[in-house]
Amino acid sequence: MQNLLELGIINTFKLNLKNNLIKPKIVCKKYCRIEINRKSTFRINGKLIIGSKENKKSKMETRVSLKNNSTFIVNGNFSIGAGTDIRVFENGKLELESGYINGYTQIVCANSIKIGKDTAIAREVIIRDTDAHDIIGKPHEKIKPVVIGDHVWIGAKAMIMKGVTIGNGAIVAAGAIVTRDVPENSIVAGVPAKVIATNISWK
């Protein structure tokens, strides 16, 4: 394992060196905790900021963990807010296009999570493609891919569960628990989330 626990400037240097980047594409703020298995893939095609925060004096940790044979790809410019916890399990693949996570979010990827372009993810959101546990006596698929389209806005404390596809331009209201697909340009809200408006746009 590579366990990069030092100051942000050292994390930044090591991650860029690991990816053979002459021009830095990864910026790790202070108090990032990055664990990358040597057999994992961490590829940056744009620019990634890990641990961005509004309060510069905050000591809130931001954690990224890539297990054996996992893949983490960033294709555009993406910012991950302080307090976020990202875990990509063995053989999992997390792919980000462009946008931001505001902080305190948890992403758990056991198989496949893809987040599209210009995505806005608010604070304390949970995105999971796995239940993590089996249910005895009730056959079910424990793991299903998650796809979040382009220009999607996910409100604070929303939960995106396994097997969900969120269409382009959609809005997930704060506190919603999404267990079914979300149509393009719609708003979903509630527990479980239901469509409450269609043909919407946001900026």
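This is a predicted model: local features need pLDDT of at least 70, side-chain atom pairs count only at pLDDT 80 or more; totals for chains, interfaces and linings use all residues.
## A buried threonine in a loop

Threonine 84 sits in the loop that runs between strand E8 (77-81) and E9. With a relative accessible area of 1%, threonine 84 is buried, because buried means under 20%.

Which residues does threonine 84 touch, not counting those up to four places away in sequence? The contacts are Glu61, Thr62, Arg63, Ile101, Gly103, Tyr104 and Thr105.

## Two positive phi angles

One of those contacts, Tyr104, deserves a visit of its own. Tyrosine 104 is found in the loop between strand E11 (99-101) and strand E12 (106-109). Its phi is near 60 degrees, a positive value in a residue other than glycine. Is tyrosine 104 buried or partly exposed? Its relative accessibility is 35%, so tyrosine 104 counts as partly exposed.

Asparagine 91 also has a positive phi, of about 70 degrees, although this residue is not a glycine. Its place is the loop between strand E9 (85-88) and strand E10 (93-96). Asparagine 91 has 52% relative accessibility and therefore counts as exposed, the cut-off being over 50%.

## A cis peptide bond

Now for the backbone at proline 192. What kind of peptide bond joins valine 191 and proline 192? The bond is cis, and omega is about -10 degrees. Proline 192 itself lies in a loop, with strand E22 (187-189) on one side and strand E23 (194-197) on the other.

Notes
Residues are numbered from 1 along each chain as its sequence is written. Side-chain values use heavy atoms; hydrogens and water are left out. Helices (H or I, at least four residues) and strands (E, at least two) are DSSP runs, numbered from the N terminus. Buried means under 20% relative accessible area, exposed over 50%, partly exposed in between (1.4 Å probe, protein chains only). Contact means heavy atoms within 4.5 Å.
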